[in-house]
Amino acid sequence: MTDLSDAHVLQQEIAVEQEHVDRVYARLAELRREASRAEKEGYQLAGVGTFGALVERDAMVFHAARRRHALDTEYEGLVFGRLDLTSGARHYVGRMGIRDEESQSLVVDWRAPAASAFYRATPAEPLGVVRRRMIQSSRERVTGIEDDLLDPEAAPEDMRVVGDGALMASLSKATGHGMRDIVATIQREQDDAIRSPASGVTIVTGGPGTGKTAVALHRAAYLLYADRNRFAGGGILVVGPSGVFVNYIATVLPSLGEDTATLRSLGSLVPGYDAERVDSTEVAAIKGSLRMRRVLERASHDAVPGGPTELRLLYRGSLLRLDSADLDRVRRKALPRGARRNEVRGVGFDRIFDALWAQAKQSIRNLPEKSEFESELADRQDFRDFLKAWWPRFTPLRVLKWLAEPARLRSYANGLLSKEEIARLQGSFDGLAEHGPTIADVALLDELDELMGRPRKPQQRKNGNPFHVRDGVQEVSTFADRQQAARAQAVQRDEDYRDYAHVVVDESQDVSPLQWRMIGRRGQYASWTIVGDPAQTAWPGEISELDQSRDRALGSRKRATYELTTNYRNSSEIFAVAARVIRKLMPDLRLPRAVRSTGVKPIELLVATPELPQVTRDSVDKHLADVDGTIGVITPVPRRDEMAHWVAGLPERVQVVTALEAKGMEYDAVVLVEPAEIAVDASGTRTLYVALSRATQRLTTVGSRSW
């Protein structure tokens, strides 16, 4: 064995790997041609003219197009690893599995059992691996290699070991606008969680920068590979805290060759809503409390604001009348506790008929049969108008708007919320009509939907051929149209699909009790991956309340817990500042170990208030010159728009987010403005801890007072 690192040996080894990579890309091009040819042959089936041929065409086109899409997606950095085994075998590891014309493996898929040693082998436990090599490339060209010699005693005399620090080199790369996958640099403790058994619940904890989100997304890709029928058929739902976060992670799964997962933020989990507005921490905590369910139940059973308070009908010369007390009594009988208002609407109408019939029997002679009496009333427009106004079809948003009326809010919350909590809630629903719900409101809307039920809709017949107009006539369609239709036929799901096979919840420490109920409704039959860090929660109440709500959503499923202990994101200099903040609140907290040092200390600037805008702008300009990637300007929640104006007109790689929106995000440099305004209480201190741990290379804090 020789241990050489000079440039000549490095180039020789790169040339060896380039030869194999060239062979892989040549085979890839051949497979792409075959997939395109299969696609064209699929379209030719349409010429047969039978419906069966069209269905067969769609299936053939779909699978061929899907294969071609996967081959296109995995083009960049296809081969990234090599394993030299004690058996003499050699495995190349990459983003997807590729075989040659004789079915011999050219590349092993990173999720396959044969590739697991690439992530799990260590010098203490080499797992039959002599040398592990990281292959760095740009498109089809190998640009570098880094070796780990795991079993020196088993290494042949002529084995060359080149370079070191593959992981560190990867961590030092500039970030883009979206999150990048870590498929080439997964570490053993991360791999343990990724390959956790598919059933039950996998819980992944860890401090900032430990790769929790990346692990969760790679786990989703692993599950789709390991049991595609189950997880692609039933679907995987990934839930994140905000739209900013979901956009950030959106490219990871497609980069791993998987585009069937559904990504939703807590504000967009309910169809019809895409909430980005946020409440204050205190208001969001009240709205997320389980006590709000009883408040909503009272609202869902109340009389309609502005609805009719009396019914007067002249029938065959006699006045039939139901006053306010009568109508309330009828409504309460038709709507006992636990009944769903939209589902018992007909019961309410029947009780109105019964009450009017009872009056008519006492005052009208020669009364017809009850069925005829009801038919005569039902034919009257004034009576139908009354019923629609007295018991309309309710939407959750309509009922939630009732809480904007102070008197109704006090009535519904009496005995359930304190006077202080009711006072905090007042005004928080005022923007519903004009601006739509806040993120916390979406869980209330989902709860109301559950409490009231849904009006029945007539079932629409599904057309097996969406381009069929009439016999012998097909709608003109593009390739994209046909591919999308074939995909839709392969997996047809309702708009509010609730039968997911697997649910991933990221930043779980901030999911409120009512939000856990909302997510739980969509994962009743699912296995779960739960990712979070209690030290990062903005929840102002007891952590045990969140844990109990999570446990109710997960039920009795078997659980496996994994703790990530290494901070790969922050330099040690940056994480020291974040650690100093959280230690004030939680002195005994076990923090992850930052493994990378840049030698650059964070900058803390204390300036007069009038100077804040200019100093913030100057700090961002400095970071634009210092780093090639993204710069995050992190602000207190109420001042985002104001501070965004300070840095308006700067390059797109400057992103302004609130301290809450920054959760789960990563930037090359961060300018954190007015940290003292964020750390106003315990939950604010935890939020500041999160904000301080977003940067990989540079951190500057700018404030008008010390923190």
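Two strands count as paired if DSSP finds at least two bridges between them, and strands (E, at least two residues) and helices (H or I, at least four) are DSSP runs numbered from the N terminus. Ser138 stands opposite Arg141 in β6. Everything here comes from a predicted model, in which local features need pLDDT of at least 70 and side-chain atom pairs count only at pLDDT 80 or more, while totals for chains, interfaces and linings use all residues. Residues are numbered from 1 along each chain as its sequence is written, and side-chain values use heavy atoms, with hydrogens and water left out.

**View 1**
Strand β1 (residues 79–85) runs antiparallel to β5, and five bridges join them. Look for Leu85, whose bridge partner in β5 is Val129. Strand β6 (residues 141–149) also pairs with β5 in the antiparallel sense, over eight bridges.

**View 2. The turn between β5 and β6.**
These two strands make a hairpin with two residues between them. Arg139 sits in the turn, and its phi is positive, at about 55°.

**View 3. An open sheet of six strands.**
Reading across, the order is β9-β8-β14-β15-β7-β16, and the pairing is parallel. The edges are β9 (262–265) and β16 (559–564), each of which pairs on one side only. On average, neighbouring strands are turned by 15° against each other, direction ignored (axes are lines fitted to C-alpha atoms, for helices over the stretch in contact, and angles run from 0 to 180 degrees between N-to-C directions).

**View 4. Zooming in on β14 and β15, with two helices.**
β14 (residues 502–505) and β15 (residues 527–532) run parallel, joined by four bridges. Val504 has Thr529 as its bridge partner in β15. Helix α22 (residues 513–520) lies across β8 (236–240), β14 and β15, at about 150° to β15. Helix α23 (residues 543–554) packs on the sheet too, touching β7 (201–206), β15 and β16, and its direction makes about 160° with that of β15. Contact here means heavy atoms within 4.5 Å.

**View 5. Helix α20, residues 439–452.**
This helix is largely enclosed by the rest of the structure, because 13 of its 14 residues are buried. At 1.5 Å a residue α20 should span 20 Å, and its end C-alpha atoms are 21 Å apart, which agrees; the expected span is 1.5 Å times one less than the number of residues. Just after α20 comes Gly453, with a positive phi of about 75°.

Technical notes
Buried means under 20% relative accessible area, exposed over 50%, partly exposed in between (1.4 Å probe, protein chains only).
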